[in-house]
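Please read the points below alongside the sequence and the coordinates.

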Amino acid sequence: MINTPRLPKLLSLFASVLVNLTAANGAFAATELKVSGFIYHDQNNNGTMDSSEQGIAGVAVSNGIDVNVSDGDGRYEITLNHGQTLFVIKPSHFDLPADSDGFHTAYFNYFPEGTIETEYQGLQPTAAPDQPLNFGLQTSDTGDSFKVAMLGDLQMRIQEEINYTNRLLTPELYQRDDLEFAVMLGDIADDNLNILGGTRQITKWFNMPTYPVFGNHDRNMELPWQNNFTSTFNHQFGPDYYAVNYGKVHFLMLNTVQPSDQGHYRARLSEQQLRFIENDLQHVPDDHLIVFSQHIPIYTIENADELMALVNDRQHVLAVSGHRHILEQQFVPYGQGLEMHEVVAGAVCGLWWDGERDWKGIPVAVMGGGAPKGYYVFSFEGNQYQMAYKAMELPAEKQLNIWVWQQDRGDWSMQQPKGFKGNEVLANVFAGSAKTNVMMRVDKGKWQPMKKVMQQDPYIARIIRHEQEKIFPTKGQIPSGLKTEPSRHMWLGYYPENLALGSHMVEVKAQDEFGLDAYEVSFFTIGSFD
């Protein structure tokens with residue numbers, strides 16, 4: 001701990017900033033900046049290290065490659081080069097300082113040469129700090145048990161879509177008191193990067209920290225992309241990859257979107273980021289759960305093997321991603337007989353806020369697999385986790401849909417899937433995976449297993465037929481974006497062919513090791529009674 005009477009001398013002696021400067025065309029260009037300061041306990045939350053406040057030992061700081069740790073007095077030192085961001089890695093028992101909108105402020109963007117002029121506001125030239133760069137933390141009461149909201153693509157283009165989010169998502173999160181923080185899994189915006197700032201009109205009501213992740217639609221388009229690709233994101237939120245600790249869980253917020261030579265982007269991790277992850281993990285106990293949080297799923301990126309090699313000997317690894325606008329789960333093998341569970345969390349916007357509108361005027365925007373738009377809530381206990389999908393504006397218990405063929409003489413577009421005989425039962429289990437056990441029974445008979453199949457949801461096929469016949473979109477609406485493709489969370493069963501005329505009941509239940517325990521009941525009629 002700091003010997004407080006010696007604080008002024010320590011500040012003068014140790015918290016120095018050393019800058020190597022070279023003259024260039026009459027101006028000074030920074031080549032390397034050596035930064036030092038203190039990580040301290042900001043007991044009165046005034047943002048200033050008072051003489052009575054003590055440093056915190058063992059807190060990691062990074063420049064996006066190197067990871068250094070504060071000493072016994074809370075002092076840290078690190079070197080920055082142009083284009084790097086210094087950030088504090090949140091320790092488990094302390095909270096980072098945050099602004100009124102819930103975004104942490106424990107970082108320093110070092111861009112002495114600025115960035116190129118862009119359509120959307122980016123980083124301006126950064127002067128070297130002329131005082132010790134101190135970061136004050138406050139104690140946290142979060143233990144080893146906590147919950148997190150994982151928000152797939154909000155993907156907002158215009159103010160109306162900020163409004164949709166505030167009408168659907170924000171009331172749900174505002175009314176919850178059981179969430180520790182939220183993660184926005186990239187594509188916060190949809191190319192209109194003014195939306196990144198507009199997002200604050202949403203998160204300020206969450207009443208908890210929000211950690212943003214960089215997505216491909218959050219990027220600046222102007223070339224060259226070196227140090228400019230993430231400029232507006234960095235201006236709004238700080239680092240585009242970083243880490244935080246809560247309890248026995250280490251969250252790595254990654255950037256899986258990198259510039260390509262063709263002016264597009266590549267799904268990969270940068271070499272600097274891989275070096276950061278390697279250095280960062282050296283300070284994480286082996287028995288802690290590692291949670292990779294990124295936009296483009298790890299199982300699809302070019303250099304996934306390089307990332308998985310860094311956790312080769314770790315037993316507890318989870319990944320949560322966005323990007324695909326579907327609900328999906330993969331089990332990625334790594335190490336010696338290990339597998340990483342990767343959850344593709346769907347999208348708050350569904351399919352881009354597109355399609356016909358509901359009774360309140362908000363686009364239904366159902367996702368391609370037939371799941372309603374929503375988000376995941378992860379519950380952590382030590383290094384273990386469970387999860388639940390939450391469809392917005394639907395009860396938490398609503399985890400699946402049942403389909404049984406019933407002819408509708410007023411809706412020609414609701415048709416039996418090709419090859420069906422008429423006694424099929426489909427269960428769309430939103431958070432289902434290869435490890436989900438789905439059972440059904442008819443009229444309180446014996447429970448029978450259902451089979452996981454690659455089958456398009458008939459309700460989605462109906463919307464597509466409407467669009468093919470130009471019934472949808474109606475005037476002023478946007479096409480849904482739905483495609484003829486199978487759902488990744490569909491199960492098939494059958495009811496007996498000899499059922500008597502009349503109405504019947506079908507029940508479906510779904511369970512798995514990740515916390516899913518769902519039940520749904522539906523009724524269908526054989527014969528006509530009109």
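**Note on the predicted model**

1. The structure holds 22 salt bridges, where a salt bridge is a side-chain nitrogen of Lys or Arg within 4 Å of a carboxyl oxygen of Asp or Glu. This is a predicted model, in which local features need pLDDT of at least 70 and side-chain atom pairs count only at pLDDT 80 or more, whereas totals for chains, interfaces and linings use all residues. Residues are numbered from 1 along each chain as its sequence is written, and side-chain values use heavy atoms, with hydrogens and water left out.

2. One of the salt bridges joins Arg 268 to Glu 302, with the closest N and O atoms 2.9 Å apart. Arg 268 sits in the loop between strand S16 (265-267) and helix H6 (271-281), and Glu 302 in the loop between strand S17 (289-293) and helix H7 (304-309), so the pair ties together parts that are 34 residues apart in sequence. Helices (H or I, at least four residues) and strands (E, at least two) are DSSP runs, numbered from the N terminus. Arg 268 counts as buried at 17% relative accessibility, while Glu 302, at 45%, counts as partly exposed; buried means under 20% relative accessible area, exposed over 50%, and partly exposed in between, with a 1.4 Å probe and protein chains only.

3. A salt bridge also forms between the side chains of Glu 328 and Arg 324, at 2.7 Å from N to O. Here Glu 328 is buried, with a relative accessible area of 5%, and Arg 324 is partly exposed, with 28%.

4. In the salt bridge between Arg 441 and Glu 507, the closest N and O atoms are 2.6 Å apart. This pair links distant parts of the chain, with Arg 441 in strand S25 (residues 437-442) and Glu 507 in strand S29, 66 residues apart. Arg 441 counts as buried at 18% relative accessibility, and Glu 507 is buried with a relative accessible area of 4%. Elsewhere, salt bridges that share partners join Arg 157, Glu 161, Asp 190 and Asp 354 into one network.

5. Strands S25 and S29 belong to an open sheet of four strands, ordered S26-S25-S29-S30 with antiparallel pairing; two strands pair if DSSP finds at least two bridges between them. Strand S26 (448-449) and strand S30 (517-526) stand at the edges with a single partner strand each, so one side of each is left without a neighbour in the sheet. Strand S29 (residues 502-511) is joined to S30 by 10 bridges, and Gln 511 has Asp 517 as its bridge partner in S30. These two strands form a hairpin with five residues between them, and Gly 515 in the turn has a positive phi of about 105°.

6. Another open sheet of four strands has the order S4-S3-S6-S8, again with antiparallel pairing. Its edges are strand S4 (67-69) and strand S8 (107-110), each with a single partner strand, so one side of each lacks a neighbour in the sheet. Strands S3 (residues 60-62) and S6 (residues 84-88) pair over two bridges, and the bridge partner of Ser 62 in S6 is Phe 87.

7. Helix H8 (residues 458-468) has eight of its 11 residues buried, so it is largely enclosed by the rest of the structure. Among the buried residues are Ile 460, Ile 463 and Ile 464.
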